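This report describes one protein model in words. Please look over the sequence and the structure before reading on.

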Amino acid sequence: MTTLSFACKCGTLSGVLRDVSPKVGSRVMCYCKDCQAGARALGADFALNDRGGTEIFQTVPSHIDITQGQDHLACLRLSPNGLMRWYAACCDTPMFNTLATPKLVFSGVATANLRGDLNDLGPVIAVNKGECATPGAEIKNYGYLRAGWNIMKRNLAAKLRGDCKTPFFDDTGGPVVTPRVLSLEERKAATLDHLTG
């Protein structure tokens, strides 16, 4: 296992992803409309790859230590019930994602912000929503069920170990910052025309 550092685009919010290995997380690539809209709502197209994809390392939040700039941590939701998309407000860099509550011990880490040898994360085991990629060669989906099963196994193991530490929720289970929820108009504006039909 190894430790990788992470930082937002301007370097104000930074920290480490501890004890990294394929045993503690799954590397996945997502091209879904929501991930694209989340980045574009922040003006952060730089966080997407050349086909509109976001690579994520899915792990448990206790592996994430924010060591600098915690006060710049902010949260965006595309809808009142949407995924919690955590970003650095200093430069609007998408950083992490979680569900709305810490009951499922889960966090995704945007690998674009990691520094070090990303081979330590293991290979990409799943590709989601390849049909939503920007025009180009076909991108095939695979591994969705495997990635979901891995999330559930890590959740159960973390709960059995009492390993529920998280930088995203307080002791009452509430988010450490109030999420900003996009209006329907803002969400539509962040979604590319060719993805909305």
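Which residues do ring pairs link into a cluster? The cluster consists of F6, W86, F96, F168 and F169. This is a predicted model, in which local features need pLDDT of at least 70 and side-chain atom pairs count only at pLDDT 80 or more, while totals for chains, interfaces and linings use all residues. Residues are numbered from 1 along each chain as its sequence is written, and side-chain values use heavy atoms, with hydrogens and water left out.

**Aromatic rings**

Searching the whole structure gives four aromatic pairs. Rings of Phe, Tyr and Trp (its six-membered ring) pair if their centres lie within 6.5 Å; planes under 30 degrees apart count as stacked, over 60 as edge-to-face and the rest as tilted.

| Pair | Centre to centre | Angle between planes | Class |
|---|---|---|---|
| W86 and F168 | 5.1 Å | 40° | tilted |
| W86 and F169 | 6.1 Å | 80° | edge-to-face |

W86 lies in strand β7 (residues 84-88) and F168 in the loop between α2 (144-161) and β12 (180-181), so their pair ties together parts that are 82 residues apart in sequence. Helices (H or I, at least four residues) and strands (E, at least two) are DSSP runs, numbered from the N terminus. F169 is in the loop between α2 and β12 as well, 83 residues from W86. Both W86 and F168 are buried, where buried means under 20% relative accessible area, exposed over 50% and partly exposed in between (1.4 Å probe, protein chains only). The relative accessibility of W86 is 1%, and F169 is buried at 7%.

**The sheet and its helices**

Eight strands make an open sheet with mixed pairing, in the order β11-β3-β4-β9-β8-β7-β6-β12. β11 (124-128) and β12 stand at the edges with a single partner strand each, so one side of each has no neighbour in the sheet. Two strands pair if DSSP finds at least two bridges between them. Strands β3 (residues 26-30) and β4 (residues 54-59) are antiparallel and share five bridges; C30 has T54 in β4 as its bridge partner.

Helix α1 (residues 33-41) packs on the sheet and touches β3, β4, β6 (73-77), β7 and β8 (93-98), its direction making about 35° with that of β7. Helix α2 lies across β3, β4 and β11, at about 115° to β11. Contact means heavy atoms within 4.5 Å. Axes are lines fitted to C-alpha atoms, for helices over the stretch in contact, and angles run from 0 to 180 degrees between N-to-C directions.

**Nonpolar cores**

A nonpolar core is a set of buried Ala, Val, Leu, Ile, Met, Phe, Trp, Tyr and Cys residues joined through side-chain atoms within 4.5 Å. The largest has 23 residues, and F6, L13, L17, W86 and F96 have the most contacts inside it. β7 gives the most to this core, with three residues. Leaving out residues up to four places away in sequence, F6 touches residues including L13, L17, I64, M95 and F96. A second, separate core has nine residues, among them A44, L76, L182 and A190.

**An exposed lysine**

K165 belongs to the loop between α2 and β12 and counts as exposed at 53% relative accessibility. Apart from neighbours within four places in sequence, K165 is in contact with P61, S62 and D65. From K165 to P61 is 6.6 Å, C-alpha to C-alpha, although 104 residues separate them in sequence.
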